[in-house]
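I'm opening my notebook on this one and jotting down what I look up as I go.

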Amino acid sequence: MIVETEGLTKSYGPTTVLRGLDLEVTEGSVLALLGPNGAGKTTTIRILSTLTRPDGGTARVCGFDVVRAGADVRGAISLTGQYAAVDEEQTGRENLVMIARLRGFPRPASRARAAELLERFDLLDAADRRVRTYSGGMRRRLDLAMSLVARPRLLFLDEPTTGLDPVSRTTVWDAITDLVRDGVTIFLTTQYLEEADRLADRIVVLHNGGVVADGTADALKNSVGGTRLDLTFRSPADASRARNVVGGVADGPTLSVPSDGSAAHLHRVLDDLLGARVEVLRVATHRPTLDDVFTSLTAVAA
């Protein structure tokens, strides 16, 4: 395991943020840490990246204890925070060369690594412009490139696409996918459930300082219920008549019927209603989403 925590605790004054967090991350995977504001996501990343000391418990990152071997941890990881940490008065190339030099690269190697990352993140055309002229998406891509200068084994991404437009967000997602192909482990926090659904091999949901769910996106979706058919009728009376034929739960002119998601089941329901002379105006198939999971888990754990 590239990340292992056991009984991790952290409080700020009277506020307990983490309550005995147990967590494991497999090398070469993407783990998404979800949770409402204040659940402990950023605190977890700050502890694992050695920026904050835990009050109790243990944490090992890349085989090193985060308290006793912080320098070794920092040598194996990179962190991209919620806001792009770039020097706006330097060019994109100068930012990358600066980081390479700070990480001990010789001058020629610094320039070569900067050029490689500028090309990888589609920033070559803007390489010699001052960063203050960059769009939000370009700044985020540069920030991500800067975190990869030293080729980390583990990359922490704390809400990496907050504030980006959909096109820029997709570009960052593609970059993250490429990193995983190259063997980089990604530890991601996000407020965008679509982001977790698309990128993560495994999702952990935090609430009130503890884990309330842990699994793949599909497993978490299935945990809150299967597919359903939402049937709309002309009136609540028609929905009630339909419920007597095919079951389900009526709410006004709408009837929700549990389904296995197959076309055969849909046809059977419609045929039964046609035989009972109940007219259906509209049919929609609803599959559970991570939004459903998140809402269900945080409501139950509140």
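**Entry 1: charged pairs**

I started with Arg-202 and Asp-214, whose side chains meet in a salt bridge at 2.7 Å, N to O. This pair links distant parts of the chain: Arg-202 is in strand 9 (residues 202-207) and Asp-214 is in strand 10 (residues 210-215), twelve residues apart. For my own reference, a salt bridge is a side-chain nitrogen of Lys or Arg within 4 Å of a carboxyl oxygen of Asp or Glu. Helices (H or I, at least four residues) and strands (E, at least two) are DSSP runs, numbered from the N terminus.

Before going on, I noted that this is a predicted model, where local features need pLDDT of at least 70 and side-chain atom pairs count only at pLDDT 80 or more, while totals for chains, interfaces and linings use all residues. Residues are numbered from 1 along each chain as its sequence is written, and side-chain values use heavy atoms, with hydrogens and water left out.

The cut-offs I used: buried is under 20% relative accessible area, exposed is over 50%, and partly exposed is in between (1.4 Å probe, protein chains only).

Next I looked at Asp-197 and Lys-221, which form a salt bridge at 2.9 Å, N to O. Here too distant parts of the chain are linked, with Asp-197 in helix 7 (residues 193-199) and Lys-221 in helix 8 (residues 217-223), 24 residues apart. Asp-197 is partly exposed at 31%, whereas Lys-221 is buried at 14%.

How many salt bridges does a search of the whole structure find? I got 17.

**Entry 2: helix 5**

Inside helix 5 (residues 136-147) I found Arg-140 and Asp-143, three residues apart, about one turn of the helix. They form a salt bridge, with the closest N and O atoms 2.8 Å apart. The spacing makes sense to me because an α-helix has 3.6 residues a turn, so residues three or four places apart point the same way. Arg-140 is buried, with a relative accessible area of 5%, and Asp-143 is buried at 6%.

I then checked the rest of the helix. Eleven of the twelve residues of helix 5 are buried, so it is largely enclosed by the rest of the structure. What covers them? The cover includes strand 6 (77-80), helix 3 (92-102), helix 4 (107-120), strand 7 (154-158) and helix 6 (166-181).

I traced an open sheet of four strands in the order 12-13-11-14, with antiparallel pairing. Two strands pair if DSSP finds at least two bridges between them. Strand 12 (249-251) and strand 14 (282-286) are at the edges with a single partner strand each, so one side of each has no neighbour in the sheet. Strand 11 (residues 228-232) pairs with strand 14 over five bridges, in the antiparallel sense.

By contact I mean heavy atoms within 4.5 Å.
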